[in-house]
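Biologist: I've got a model on screen and I'd like to learn how to read it. Can we take it one feature at a time?

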Amino acid sequence: MRNILILDTSITSFNKGDDIIMECTRKELAPLLDDSFEVTLPTHVSPFHWYQVWKNSAYVQRIANCSYKFVGGSNILIPNLLTHFPQWNINLFNYQPMKGCVLVGVGAGAGAEGKMSRYTRYVYRRLLNNDFYHSTRDERSKEYVERLGLKAINTGCVTMWMLTPEFCATIPHEKADKVVFTITASNQLKKNHQILLDTLLKNYQEVYFWPQGIEDYDHFKSLENTETVQVLHASKEAYDDYLTNNQTDYVGTRLHGGVYAMRHGRRAIIIAIDERARSIHEKNHLNCIDCNHLEDLEGLIQSSFATQVEMDFDSIKLWKKQFGI
């Protein structure tokens with residue numbers, strides 16, 4: 001049986017959006033994974049001790065000899081791997097068994113447009129596959145990979161690959177009576193979050209909160225007027241259950257919380273707070289509003305609008321074709 005390595009960005013993650021990404025990654029790779037043995041390694045923590053790699057144990061050899069090695073998309077590429085907390089915990093002493101990795105809808109973090117350190121370029125160029133096209137979630141991430149001398153295709157985020165025009169046409173245009181919202185814990189955004197919450201309480205009969213990030217609940221409790229808000233359990237499973245069993249809207253700052261709602265056929269308004277949502281919106285046309293223009297949110301909630309996500313399905317097919325999917 002063929003062995004396939006999945007570099008899992010959800011293990012030890014402080015953001016349940018990574019659970020959503022990995023669920024979608026496995027669904028898109030299912031034709032490969034269904035008749036293979038899946039081996040999983042984390043990205044947020046080091047997968048090996050340098051001593052294991054140096055000894056080249058049977059375990060390490062099995063990892064090195066996997067037929068394919070895929071990295072589940074996340075905000076994982078950075079300009080300097082010597083940062084105190086790299087999203088992908090790789091270095092000169094542990095990367096060798098993972099050589100030949102292929103990116104799946106991966107993004108480049110803040111500062112990726114700037115100068116890349118020589119050390120970072122050295123590790124990435126030896127770690128990432130030279131033969132296959134890598135899949136990136138936006139144009140700036142594609143350009144980052146190409147700066148490494150590698151091939152890349154802008155496929156959009158892997159969570160959005162199922163959002164065909166036919167599927168998007170099934171998403172309601174009109175406001176629901178219920179809404180689930182997310183926020184991103186940040187004192188700089190607290191004023192925006194209060195405006196968001198007050199707007200939702202004014203416009204919906206029932207308001208639910210899903211804490212996608214590890215500090216989001218505490219930040220939510222620091223806001224005013226939270227007494228009537230119903231809080232979902234902080235798990236992807238609880239969020240999945242709510243979206244499956246409720247006619248609801250989604251409004252929030254968490255990009256993948258919004259995309260996951262759309263995947264459940266729910267109307268979603270994503271509030272852009274950083275380059276991730278803005279870059280994806282620029283290419284894929286989400287129903288998106290900037291966090292600095294929340295005075296327009298009530299009008300958007302009350303309006304009738306279609307979900308018309310634009311995906312480059314030809315690029316997605318081209319990327320998958322490399323692996324016979």
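Biologist: Let's start with charges. Which residue forms a salt bridge with Glu-28, and how far apart are the closest N and O atoms?

Modeller: A word on the source: this is a predicted model, where local features need pLDDT of at least 70, side-chain atom pairs count only at pLDDT 80 or more, and totals for chains, interfaces and linings use all residues. Residues are numbered from 1 along each chain as its sequence is written, and side-chain values use heavy atoms, leaving out hydrogens and water. Now the idea: side chains of opposite charge can pair when their charged atoms come close. The cut-off for a salt bridge is a side-chain nitrogen of Lys or Arg within 4 Å of a carboxyl oxygen of Asp or Glu. Here Glu-28 pairs with Lys-320, with 2.6 Å between the closest N and O atoms. Lys-320 sits in helix α14 and Glu-28 in helix α1, so the pair ties together parts 292 residues apart in sequence. (Helices are DSSP runs of H or I with at least four residues, strands are E runs of at least two, and both are numbered from the N terminus.)

Biologist: Are Lys-320 and Glu-28 buried or exposed?

Modeller: Buried means under 20% relative accessible area, exposed means over 50%, and partly exposed is in between, using a 1.4 Å probe and protein chains only. Both Lys-320 and Glu-28 are buried. Compare Arg-2, which forms a salt bridge with Asp-35 at 3.1 Å: Arg-2 counts as partly exposed at 29%, and Asp-35 does too at 47%.

Biologist: How many salt bridges does a search of the whole structure find?

Modeller: The search gives 13. Another one links Arg-254 to Asp-216, with the closest N and O atoms 2.9 Å apart. Arg-254 is buried at 12%, and Asp-216 is buried at 1%.

Biologist: On to sheets. What is the order of the 6 strands in the open sheet?

Modeller: Strands of a sheet pair through backbone hydrogen bonds, either parallel or antiparallel. The rule for pairing is that DSSP finds at least two bridges between two strands. In this case the order is β11-β10-β9-β12-β13-β14, with parallel pairing. The edge strands, β11 and β14, each pair on one side only. Strands β13 and β14 pair over 3 bridges, and Ile-271 has Ile-289 in β14 as its bridge partner.

Biologist: And covered helices: how many residues of helix α11 are buried?

Modeller: For α11 (residues 255-263), 9 of its 9 residues are buried, including His-256, Tyr-260 and Arg-263. After α11 comes Gly-265, with a positive phi near 75 degrees.
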